[in-house]
Structure formats: structure tokens, C-alpha cells
Amino acid sequence: MDGSRQEMPPPTELSALGHREVAAAERPFKKTCHSSVPTSSTLCEPHVWPGLLESLLHQIIALLSSFQDLLAFSATCHSWRAALSSFPSVYTFNFPPLCLKLNTPNIRPLRVLLKDNLLSYCKWQLDDPSKRNISLRCSAPPDAPNRMRYLGCSYGYLIFSYHEKNCLFVDAYTGTKLKSPKLNFMGDRDIYYGILTAPLNSPNSHLILCSRSSIFYWQVGTNSWTKHVYGGEHILQIVLFKGEIFAMDVLGRLHTMQFAPELSIQEVAVLRREEMVTGPRSGPWLVACGEMLLMVDLSTDRDQLPRTFQVFRLEFSAETVECVKMERLENSALFVSLDGRDPTFCCTSPERWGGKSNWIYVAKPSGDSGEPWTAVELGQPVPSRIDRVPDFQVDNMWVVPSLIYDVNQ
């Protein structure tokens, strides 16, 4: 990829695109990014045993404990890279996401800069909770449009709108960019949220955009958009779980979304416990955690301290969904951002990389100094600085690089 602007290719070309991005990751950050991860020229020595059986290599992959380890594995030699591309989709990676820390220049007041999203001036670094001494630094593409509106982050891509009719995807790891076809619906300038339903090179990938009155969706690789008039409350978050699309609106109500035979949105009846409706709450986070769909909530009433996170497991039955409060996360850790448009993650057995089970890792506001995240044990007091961020601002967030999602495509 040379970073130049280009129209989104059809699905057949997207598959090749995924392989090109993998190749770029094997020679990390030659143009805009920098990493201390060894390259293939230093790792591909005779003692690496390139003739190991693929089944054994898959067992090794399953034991990797960080994204840096995955990069080093991929860069070792051709046979190891091939084993990674054939890694069975039934397995999942159990290392933590990276924390994207925004570094905006002091050329304008920070609030104005973030509101206008002057992407061409932005730089960011990706910090790895499992390897604190390594940061991957990136810059936005040099010819990125200014004054773009941040819509969300999905499958390793930052999603922006600009000129009211265009969407731009910026790979958070490589800094490369792609754009969708023009959105030729007039009068819908208030699009505030965007998310992909699958990796970009997946044949089932759709981009969903939410405005105040409509929902737009585009099947990746096609040349047209579809508009669905939506009269419900504003959708704040969309999460995929077991092949279904779940949406949470501004009132905390749960919905399901389907594309066939046409886009439809249906509210799901949720049986809420008493502890969920006492006191003012922030908009909850939805987190897909293995076989569970979780709802993470945080009180916004500063007069009722200490504030604590609450986690509820959504139990599905034929007629309703029941929220069951969880006292512990068992052997899992959660990763949430203060902006509900950003993705949320769950990691099992976090002790493998130095993390802690039953803890919630929160990406801190970009104005805070020091480490870009804080960790809170479930049930313990939450620092007062943790609060949801205003609309249209970009803040620190958790991301999983697109390379991870491309492995099984």
C-alpha cells in the first residue's frame, strides 16, 4: 500500500488487499510507523526450524500472549507465516487490545482541534499492556482531508465522514486509508456513528451509518448505499454476538438488526433487575465475551460516591432477555473506552500477559498524563475522572489491529 487515496475495491480485490496489509506489517512502519519488533531478516535463521508441522505451529500460535509476539511469529519465515494464515477460526487470540493514544499538536486549542478532527495533523501511538516498553507510532496519511467527523472504530479501522458524502477508513496500525462510494442522500448531515459488521475483506462486511433520522448501510465492494428511515431513539452502540447484530439506544434499550430481506430493527424485551434502574446511569457498554453478551454500567451520580462499575450477563430465552448481575468476571478482563462509539473487548486468562482477571481496563481521556489507561477491579471505586466523552471528539481508545482479523479471512 502506498497510502494514496483510492476507491474501495470489489470483494475479490479486498482479499488481495488483506494479504498486502499483512506483508506491510512484516516490515513494520517503513513510512509512517515505527516499531522495535525484529524483522524477518534477523529472525529467519537456520535454527528457526521452518520445517515444523503446521499442526505444531498452530499450537504455538494459540500460546502467543501479545500482538508483538504475533508480529514476530509472522515475520519469522514463509512457512510460519503460512501457518498463521491457515490458523483455524475456531481458535481465538487471548492477548489484550492495543491502546490508541492520540497525540494532537498544539497548533490550535485542543477542544477545537478534536471537534474539527483535523486528521492530517494527528499522530498516535499504540501502547501494548503486555509489553509496556514498546510503542508503535503512527501518523495519519499525509493527504487526508481536513475537518472530518469521527464516527467510530471497527475491525482495526478508524471511520470518518467528510464533505458530508464520503467515508474514509484509516488503518489504526498501518496508517493506510481507503474510502467508500459517495453517500448520495441529501439532507442527512448529522451522521454520528459508523461501524463495520465484519472485516473489510470479508464477503459479508457491511458499513452501517446512523443519523438522527435514518440508518444507511453499504455492502463492502458494491457501489451503492441503502437508506432505512428510522424513527426510534438514537443508537449509541452496535455489537456483533454469535452472528447477530445487537444495538443499544440512548435510553439503554436493546435491539436486534437484520439485513435480509431488508434492513429491520426490532426491540428486544429485557427484564431488568432493581439495581439497574436506581439512580442516574451512563449509557451502558455492550461487550461480547466468549459465549456471553455483557452489559457494563457506571453510575453518573457524583453525589452518590463511590461510583462502581456493574456488569450484567444477558441471558436469552424464547420470550425475553434477563439481566443477571455478575459479582465477578471469573478469568476474564474487560476493555472499555469512554466513547461509546469505540469498540469494547474481553480477554480471557489475562494473567498470561501480566494482566488481572476481574478487572476492567478503561482508556483514559487524552488530556490525562502518564499511562493512557487505568484499571479498576470490579466492585471497587472508580476514579472520578472516568466519564463518557462528548460527541464528535476523538479520545484514547482500545483497538485490535486489522491484521488480527485478516488471519482467518
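At 35% relative accessibility, Glu315 counts as partly exposed (buried means under 20% relative accessible area, exposed over 50%, partly exposed in between, with a 1.4 Å probe and protein chains only). Its partner is Arg313: the two side chains meet in a salt bridge, 2.5 Å from N to O. Arg313 is partly exposed too, with a relative accessible area of 23%.

Some ground rules before going on. This is a predicted model, where local features need pLDDT of at least 70, side-chain atom pairs count only at pLDDT 80 or more, and totals for chains, interfaces and linings use all residues. Residues are numbered from 1 along each chain as its sequence is written, and side-chain values use heavy atoms, leaving out hydrogens and water.

**Salt bridges**

The whole structure has 6 salt bridges, each one a side-chain nitrogen of Lys or Arg within 4 Å of a carboxyl oxygen of Asp or Glu. Among them are these:

| Pair | N to O distance |
|---|---|
| Asp69 and Lys131 | 3.7 Å |
| Asp249 and Arg253 | 3.0 Å |
| Arg313 and Glu315 | 2.5 Å |

Asp69 sits in helix α4 (residues 67-74) and Lys131 in strand β3 (residues 131-139), so their bridge ties together parts that are 62 residues apart in sequence. Helices (H or I, at least four residues) and strands (E, at least two) are DSSP runs, numbered from the N terminus. Asp249 is buried at 1% relative accessibility, while Arg253 is partly exposed at 29%.

**Cysteines**

There's 1 disulfide in the structure, meaning a pair of cysteine sulfur atoms within 2.5 Å. Cys289 and Cys346 make it, with their sulfurs 2.1 Å apart. Cys289 belongs to strand β17 (residues 285-289) and Cys346 to strand β22 (residues 345-348), so the link joins parts 57 residues apart in sequence. Cys289 is buried at 5%, whereas Cys346 is partly exposed at 24%. Cys347 is in no disulfide; its nearest cysteine sulfur, that of Cys346, is 7.2 Å away. Cys347 is buried, at 2% relative accessibility.

**The chain as a whole**

The protein chain holds 7 helices and 25 strands, and buried residues make up 53% of its 409 residues. Take contacts (heavy atoms within 4.5 Å) between residues at least 6 apart in sequence: 58% of them join residues at least 24 apart. The chain exposes about 18200 Å², with carbon and sulfur atoms supplying 51% of that; areas come from the Shrake-Rupley method with a 1.4 Å probe, and for residues only the protein chains shown count as cover.
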